[in-house]
Amino acid sequence: MSAPLDENTRSIILATVPALKAHGLAITTEMYKRLLATPAIRDLFNLSHQQDGEQPKALALAVLCYAEHINDLGALSSMVERIAEKHVGLNILPEHYPYVATALLGAIGHVLGDAATPEILDAWGKAYWFLADILIGREKQIYDGNESMPGGWKGWRAFRIRARQNETATIVSFDLVPKDGGALFRHKAGQYLSFKLDVPEHGSQRRNYSISSAPGADHYRISVRRQDGGVASTWLHDSVKEGDILQVANPAGDFFLNDADSNPVVFLTAGVGLTPVISMMGELAQTRTNRHIHYIHGAETRALTAFVPQIDDLAKSDRVKADFFYSKEQAPVQDGTPGVTTHAGRITPAWLLQTLDRTATYYICGPDSFMRDMVEALKSAKLPATQIRYEFFGSAADPELVLSAA
């Protein structure tokens with residue numbers, strides 16, 4: 001493990017914060033340009049996040065956050081854990097880190113020009129490798145822990161698609177079983193799978209999809225929404241069939257149901273953000289928990305909402321209270337299921353605060369803007385941070401989410 005950063009190095013890093021605020025995105029954009037010139041490194045990334053600019057933006061925020069907290073790195077523990085889990089899902093290895101160091105320092109020098117003095121480059125080199133060593137160490141722990149568990153593995157494992165099912169016109173579920181017929185690692189409800197996909201005419205693609213099946217099943221289920229112009233989702237919807245083989249990494253992610261928490265649970269989701277929560281509810285249903293469960297979901301229409309029958313069944317058995325919001329239906333008709341209420345419009349912060357349960361733990365997943373609004377509302381009500389948990393989609397480039405989660 002690296003020695004702690006000396007005071008002079010930390011002072012230099014802190015002094016670069018104004019430059020990072022002004023030029024951070026230019027630096028990370030240049031860094032990725034350099035990284036992606038190396039095929040072996042390029043294949044590790046979700047290139048759609050490069051095309052829409054989300055990945056450079058997210059990294060710029062992370063670098064800025066690191067610099068701002070260089071004297072209090074303990075505040076970044078959750079961000080470090082999230083990055084380590086992402087890296088494990090993508091099979092990032094120690095030998096990949098030097099490429100990033102070279103690209104980052106080269107980008108700093110390129111963007112800042114003469115302002116990037118040897119002292120600044122030396123300080124950022126030390127700061128980079130200090131953090132890299134922390135990540136490498138934590139990633140090894142996760143890799144080794146996963147591999148040692150029943151059904152666990154390291155690297156990519158071949159899975160066969162046992163079944164596929166249309167949940168809605170835009171969401172398809174795939175049941176995956178190990179091709180080798182071996183045991184299946186028991187994931188934590190809320191975690192995701194990372195995939196190495198070979199998409200015709202697009203080459204190797206990396207994607208993460210939340211596991212929507214409950215832990216303990218004999219398969220993993222992912223539920224994929226077709227994205228407009230999405231390379232991977234379009235291919236999965238249109239071309240992948242039962243019997244096909246996909247390369248899958250061990251389950252990963254730090255957004256999962258806390259077994260030690262006995263609080264009531266509020267699941268707050270929008271769009272396809274429901275997928276990890278469906279896994280969580282499946283686990284709670286299996287354990288026959290006495291915890292009060294409130295499921296709140298926003299979608300465009302009922303027809304585009306996945307897993308409604310499953311929620312209705314849980315509500316009928318008095319295990320879940322549910323509120324559905326449909327933004328493109330003027331007056332949703334109640335389906336008569338006890339404990340289920342439908343609303344026209346979107347989930348608003350005002351409605352959320354009116355129904356606030358101060359004893360509950362909130363699990364939030366959906367588009368960044370939705371999560372930001374919900375998290376800000378809960379924080380404005382002084383709900384403790386330990387009772388607010390949320391999952392990042394994509395690269396999580398929203399500064400309010402990235403920095404508050406750190």
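The model is predicted, with local features requiring pLDDT of at least 70 and side-chain atom pairs counted only at pLDDT 80 or more, whereas totals for chains, interfaces and linings use all residues. Residues are numbered from 1 along each chain as its sequence is written, and side-chain values use heavy atoms, with hydrogens and water left out.

Helix 2 and helix 5 pack at an angle of about 140°, with their axes 8 Å apart. Axes are lines fitted to C-alpha atoms, for helices over the stretch in contact, and angles run from 0 to 180 degrees between N-to-C directions. The two helices are therefore oblique to each other, a class left over once angles under 35 degrees (roughly parallel), over 145 (roughly antiparallel) and 65 to 115 (roughly perpendicular) are set aside. The crossing of helix 2 past helix 5 is right-handed, that is, the near helix is turned clockwise from the far one by less than a right angle. Residues in contact (heavy atoms within 4.5 Å) include Leu20, Lys21, Gly24 and Leu25 of helix 2 and Ala60, Val63, Leu64 and Glu68 of helix 5.

A salt bridge is a side-chain nitrogen of Lys or Arg within 4 Å of a carboxyl oxygen of Asp or Glu, and the count by this rule is 13. One of these joins Lys21 to Glu68, with the closest N and O atoms 3.8 Å apart. Lys21 lies in helix 2 (residues 17-35) and Glu68 in helix 5 (residues 54-68), so the pair ties together parts 47 residues apart in sequence. Lys21 is exposed at 58% relative accessibility, while Glu68 is partly exposed at 32%; buried denotes under 20% relative accessible area, exposed over 50%, and partly exposed in between (1.4 Å probe, protein chains only).

Arg291 and Asp261 also form a salt bridge (3.8 Å, N to O). Arg291 is in the loop between helix 10 (274-287) and strand 8 (293-299), and Asp261 in the loop between strand 6 (245-248) and strand 7 (265-270), 30 residues apart. Both Arg291 and Asp261 are buried.

Terms used: Helices (H or I, at least four residues) and strands (E, at least two) are DSSP runs, numbered from the N terminus.
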